[in-house]
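Try each task before reading its solution.

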Amino acid sequence: MRLFKLLFGFFIGISLVSFKPIENTNTAINFESDKQQLETLIRKAYEWIETKKTHSDFDVVANKKGDKYVGLNLKTHNKIVEDLKKSNFFSKQFIENYNKIGLKIGDNLKTNKAEYFVGELPPYGNDSDPWCNCQDFPDAFWKTMKINNLKLENNKATFYWIWTEWKESPKYKVTTVKENGIWKIAVLDGFDYKSFTKI
């Protein structure tokens, strides 16, 4: 009986030493904090896109006759890429993808893999504004943007944004990553390289 008590006591002692209490990491508070940071990021980024971004995406140049686009305006494109970097809203991944899309459009026009006549819709993209996958939007829509279906995993977050002014709101997918502790936009649904540059 004494041996049993000793073994039982030893087992309890080992259990207590190796037992690690479940730490309350305040997951809900961190989630809410990250959600607030991400909502702020999206609102500020779209305000910048709509009010501070000075050039149209993927500006193209026409031939001498002025009837057909034959390449990408590299000067404008490089300026936009630089502005995206300076804004501090976009990750390295997003900027590289954006640049890659522009260069591919330019290459396709230059080599006649894609034909784009002046006055016609471009042969790339989906006839919508890639920033929202929409053709129209409410005034100052960034002020009331909300995020839904937020999924957080380490330094990555995915969610959908909507705006609340109109009943018919896009459900637009976004992926963000933390770079040096700051949330930045990594992937936007409207800038998928394959679908955007598909001929």
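**Exercise 1. In this predicted model, find which residues have the most contacts inside the largest nonpolar core.**

Solution. Start with the core itself, which has 44 residues. Those with the most contacts inside it are Tyr46, Phe90, Trp131 and Trp161. Next, sort the core by element: α2 (27-51), β2 (68-72), α3, α4 (92-110), β4 (146-153), β5 (156-162), β6 (172-179) and β7 (182-188) give two or more residues each. The most comes from α2, with seven residues.

**Exercise 2. List what Trp131 touches, leaving out residues up to four places away in sequence.**

**Exercise 3. Check the span of helix α3 (residues 74-87) against its number of residues.**

Solution. At 1.5 Å a residue, the 14 residues should span 20 Å. The end C-alpha atoms lie 20 Å apart, so the two values agree.

**Exercise 4. Work out which side of α3 is buried.**

Solution. First mark the buried residues: Thr76, His77, Ile80, Val81, Asp83, Leu84 and Ser87. They cover an arc of only 160° around the axis, and therefore sit on the same side of α3. Now turn to the face away from that buried side, where you will find the exposed residues Lys75 and Lys86.

**Exercise 5. Inspect both ends of α3.**

Solution. At the start, a side-chain oxygen of Asn73 comes within 3.2 Å of the backbone nitrogen of Lys75. Just after the helix, Asn88 has a positive phi of about 70°.

Terms used
Residues numbered from 1 in each chain as written. Predicted model: local features only at pLDDT ≥ 70, side-chain atom pairs only at ≥ 80, totals over all residues. Heavy atoms only, no water. Helix = DSSP H or I, 4+ residues; strand = E, 2+ residues; numbered from the N terminus. Expected span 1.5 Å × (residues − 1). Buried < 20%, exposed > 50% of the residue type's maximum accessible area, 1.4 Å probe, protein only. Arc of directions from axis to C-beta. Polar contact = N/O pair within 3.5 Å; in protein donor to acceptor, adjacent residues only side chain to side chain. Core = buried A, V, L, I, M, F, W, Y, C linked by side-chain atoms within 4.5 Å. Contact = heavy atoms within 4.5 Å.
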